[in-house]
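Please read the numbered points with the structure open beside you.

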Amino acid sequence: MDRLIGGLVHLEKAHRCLRESSFSPSLKDGYRLEKWLSIGFRYGMTSTPGATKFWPFADLFLSIEYMKTFEFFHFLSHEDKKELARPVSVMCSHLTLAYFSFENKSDVTYHPDGTIPHSGRVSGGLKHKALLHHGIIEILRTLDLDKKEYVLLKALIVCNPELVCSSSSIES
């Protein structure tokens, strides 16, 4: 078990290093979900000096790359990969953002470059956005989640067959 957790912690360090690097995938690259699932990662394909990183896009991309490190993922059909990637990449992206903010003792989500989604304010009574940008951090703080618990939670999100159960290849 310690070896598994150690591997997940190492994977998370690599994910964080890449997330905090100058790597900045963008819509200009023409990547669609189908392409992301089938290509191998090529670091540096769009590292434009001085370019502002579009964090939601970069985090989704990196979450899909994270999912691709799990052995079971490669045994899924292309359709099952797409079906799993949609909800899981979003959940992993939000958890990654919230845990980064929690580790840095922030009450609102913010990115490694210091930018804050929605300037830290959620307007219009949008409860789901308030939960995503404030509530998850509060939950993490209440649980006092450490790094090992965080990587296990993230792995459970990726490996949860309840998220997508339309295919027998996912369930097995």
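1. A search of the whole structure, which is a predicted model, finds eight salt bridges. In general, side chains of opposite charge can pair when their charged atoms come close.

2. One of these pairs is R19 with D59, whose side chains meet at 2.7 Å, N to O.

3. Another salt bridge joins E65 and K68, with 3.1 Å between the closest N and O atoms. Both of these residues, E65 and K68, are buried.

4. K82 pairs with E79 in a salt bridge, and here the closest N and O atoms are 3.3 Å apart. Both K82 and E79 lie in helix α4, three residues apart, which is about one turn of the helix. Are the two partners buried or partly exposed? K82 counts as buried because its relative accessibility is 11%, under the 20% cut-off. E79 counts as partly exposed because its relative accessibility is 48%.

5. Salt bridges also link R16, E20, E103 and K147 in a network.

6. Now the overall layout. The protein chain has seven helices and zero strands, so from the N terminus on, please read the order of elements as α-α-α-α-α-α-α. Of the 172 residues in the chain, 42% are buried. The accessible surface comes to about 9,800 Å², and 59% of it belongs to carbon and sulfur atoms. Among contacts between residues at least 6 apart in sequence, 71% join residues at least 24 apart.

7. Which residues of the largest nonpolar core touch the most other members? The core has 27 residues, and the ones in question are Y66, M67, F70, V88, L140 and V158. Helices α1 (2-19), α3, α4 (78-103), α5 and α6 (147-159) each supply at least two residues of this core. Helix α4 gives the most, with eight residues.

8. Y66 shows what such a position looks like in detail. Leaving aside neighbours within four places in sequence, Y66 is in contact with L8, L11, E12, H15, V151, K154, A155 and V158.

9. S63 is found in helix α3, residues 55-67. S63 counts as buried because its relative accessible area is 1%. Not counting residues up to four places away in sequence, S63 touches H15, S89, C92 and S93. H15 is also among the contacts of Y66.

10. I137 sits in helix α5, residues 127-143, and counts as buried because its relative accessibility is 0%. Beyond residues up to four places away in sequence, I137 touches A98, S101, F102, S106, D107, V108 and T109. The C-alpha atoms of I137 and E103 are separated by 9.3 Å, although these residues are 34 apart along the chain.

11. Two backbone angles deserve a check. Most residues other than glycine have a negative phi. K105 is not a glycine, yet has a positive phi of about 60°. K105 is in the loop between α4 and α5, and counts as exposed because its relative accessible area is 72%.

12. D144 is not a glycine either, and has a positive phi of about 50°. The place of D144 is the loop between α5 and α6. D144 counts as exposed because its relative accessibility is 55%, over the 50% cut-off.

Methods. Residues numbered from 1 in each chain as written. Predicted model: local features only at pLDDT ≥ 70, side-chain atom pairs only at ≥ 80, totals over all residues. Heavy atoms only, no water. Helix = DSSP H or I, 4+ residues; strand = E, 2+ residues; numbered from the N terminus. Buried < 20%, exposed > 50% of the residue type's maximum accessible area, 1.4 Å probe, protein only. Contact = heavy atoms within 4.5 Å. Areas by Shrake-Rupley, 256 points an atom, 1.4 Å probe, with all protein chains shown as cover. Core = buried A, V, L, I, M, F, W, Y, C linked by side-chain atoms within 4.5 Å. Salt bridge = Lys/Arg side-chain N within 4 Å of Asp/Glu carboxyl O.
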